[in-house]
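I want to look up where the ligand sits and what surrounds it.

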Amino acid sequence: MNNIEQTLSIIKPDAVERNLVEDIKNIFIKNKFKIKDTKKIHITKEEASEFYKVHQSKPFYSDLCAYLSSGPIVVMILEGENAVLANRRLMGATNPKDAKDNTIRKLYGISIDKNSVHGSDSIDNAKKEIKFFFKN
Ligand code: CDP
Ligand code: MG
């Protein structure tokens, strides 16, 4: 029953720019996530390339890294019951056009690249991604 996990969430530049940070954080809180840590940062293209290196062979890799480093982002450690999967469900499909009603990407996503949020896709990646942004 009790399976408390942590996952990494990023509010991407398109959503920060449109002042959606508080709205998106409130969605997480309403959905029973705890925001264990959060900070607003502006990363370099090199840092974005390191973060997204699993996608380095993809045609969209360079644009993706340029985009994530194009403006401020908000990174968060979310904690809750089955947090990795629960956050993926709450985010919705990668392409906002395919995302279900009431998901963050359906509500706020503009396009497949400007899709407002990132979320870790596995417990292993969540650990790596949390370490990437919150090294203590
Ligand atoms: O973010 P998510 O895990 O849902 O998708 P992904 O397949 O891991 O891709 C990472 C990010 O690359 C997506 O969130 C999109 O912003 C971007 N992407 C893109 O620009 N064009 C694609 N055809 C696929 C993904
Ligand atoms: Mg992904």
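**Entry 1: the model.** I remind myself that this is a predicted model.

**Entry 2: the neighbours.** Which residues are around ligand 1? I listed Lys12, His55, Phe60, Leu64, Arg88, Thr94, Arg105, Ile112, Asp113 and Asn115. Sorted by class, that shell has four charged, three polar and three nonpolar residues.

Entry 3: I looked at oxygen atoms of ligand 1 next. One lies 2.8 Å from an N or O atom in the side chain of Arg88. For the side chain of Asn115, the distance from a ligand oxygen to an N or O atom is 2.9 Å.

**Entry 4: cover.** How much of ligand 1 does the protein bury? On its own the ligand exposes 510 Å², and the protein buries 78% of that.

**Entry 5: the pocket.** I checked which space ligand 1 takes, and it is the largest pocket. This pocket holds about 750 Å³ of space. I found 26 residues lining the pocket, and those closest to its centre are Tyr52, Val54, His55, Leu64 and His118.

Entry 6: Elements giving two or more residues to the lining are helix 3 (45-51), helix 4 (61-68), helix 5 (83-91), strand 4 (117-119) and helix 7 (123-133). Which of them gives the most? I noted helix 7, with four residues. By class, the lining of the largest pocket comes to ten charged, nine nonpolar and seven polar residues.

Note on methods. Residues are numbered from 1 along each chain as its sequence is written. Chains are lettered from A and ligands numbered from 1 in the order in which they are written. This is a predicted model: local features need pLDDT of at least 70, side-chain atom pairs count only at pLDDT 80 or more; totals for chains, interfaces and linings use all residues. Side-chain values use heavy atoms; hydrogens and water are left out. A residue is near a molecule or strand if one of its heavy atoms lies within 4 Å of it. A polar contact is a pair of N or O atoms within 3.5 Å; within protein, one must be able to donate a hydrogen and the other to accept it, and residues adjacent in sequence count only if both atoms are side-chain atoms. Accessible areas come from the Shrake-Rupley method with a 1.4 Å probe; for residues, only the protein chains shown count as cover. On a 1 Å grid over the protein atoms alone, a cavity is a set of points where a 1.4 Å probe fits but cannot get out, and a pocket is an open set with protein on both sides within 12 Å along at least five of seven lines; lining residues have an atom within 4 Å of a point. A molecule sits in a cavity or pocket if more than half of its atoms lie within 2 Å of its grid points. Ala, Val, Leu, Ile, Met, Phe, Trp, Tyr, Cys and Pro count as nonpolar, Asp, Glu, Lys and Arg as charged, and the others, Gly among them, as polar. Grid points are joined across faces, edges and corners, and a volume is the space filled by probe spheres set on the points.
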